[in-house]
Amino acid sequence: MGKVVMYSSVSVDGFVADENDQPGPLFDWLSSGDVPLDESGGLKVSQTSYDYTRAYWDQIGVTIVGRHVFDLTDGWDGKPPSGIDHVVVVTHRPMPEGWDPEAPFHFVDGVEAAVAKAQELAGDRMVEVAAGDVGGQVLAAGLIDEVRMDVVPVVFGSGKRYFGSVDAQHLLENPDVVIQGNRVLHLRYRVRR
């Protein structure tokens, strides 16, 4: 079974979006270089960021998101982002009316069920959990193996927190990856068990 990893780009003060759900400059690093990150050609990063990010993306089999992110992105028009095979959506509501039931999106109620479904679908590949409220709930449930963040040099002051509404202490190991790219610092922490 693959690792369960919580991930997002984040401001230095710990936010994944501002109060209006806007990422502001959090993704500017994805266009700050000259090495194409994917086939679209729209994402170009430094070689250092490419080496780290491309290797990570290639390991992901399933991404878990909350219904809020799903709705904000319009479900990526039924095509999982970044070449990911499946998306598991944590929601208490049914799939949207008119949604293609053949699309590789799975709607489940609760984070434990989401992780179980994602691991089943991913096999030995990695399960990525979007940071924010759902990511914080998965962390609080003790189901996160690793925390990855791309720290961007901006201070939001307020907004949507990386760890959502986690209200308890969780210890992480020392970072085992610290990589400086253009306008980003890539960090990886294992969750202390």
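Me: Which residues does UniProt assign to the feature "domain: Bacterial bifunctional deaminase-reductase C-terminal"?

Reply: The unreviewed UniProt entry places that feature at residues 4-170. UniProt positions follow the numbering used here, feature names are shortened, and annotations may be inferred rather than shown by experiment. The model is predicted: local features need pLDDT of at least 70, side-chain atom pairs count only at pLDDT 80 or more, and totals for chains, interfaces and linings use all residues. Residues are numbered from 1 along each chain as its sequence is written, and side-chain values use heavy atoms, with hydrogens and water left out.

Me: In what order do the strands of the open sheet stand?

Reply: Strands (E, at least two residues) and helices (H or I, at least four) are DSSP runs, numbered from the N terminus. Two strands pair if DSSP finds at least two bridges between them. Here eight strands form an open sheet in the order 7-6-5-8-1-9-12-11, with mixed pairing.

Me: Why is one side of strand 7 and of strand 11 left without a neighbour in the sheet?

Reply: Strand 7 (105-108) and strand 11 (177-181) stand at the edges, each with a single partner strand, so one side of each has no neighbour in the sheet.

Me: In which sense do strand 5 and strand 8 pair?

Reply: They pair in the parallel sense, over four bridges. Thr63 stands opposite Glu128 in strand 8.

Me: Which strands does helix 4 touch?

Reply: Contact means heavy atoms within 4.5 Å. Helix 4 packs on the sheet and touches strand 1, strand 5, strand 6 (86-90) and strand 8.

Methods:
Axes fitted to C-alpha atoms, helices over the stretch in contact; angles between N-to-C directions.
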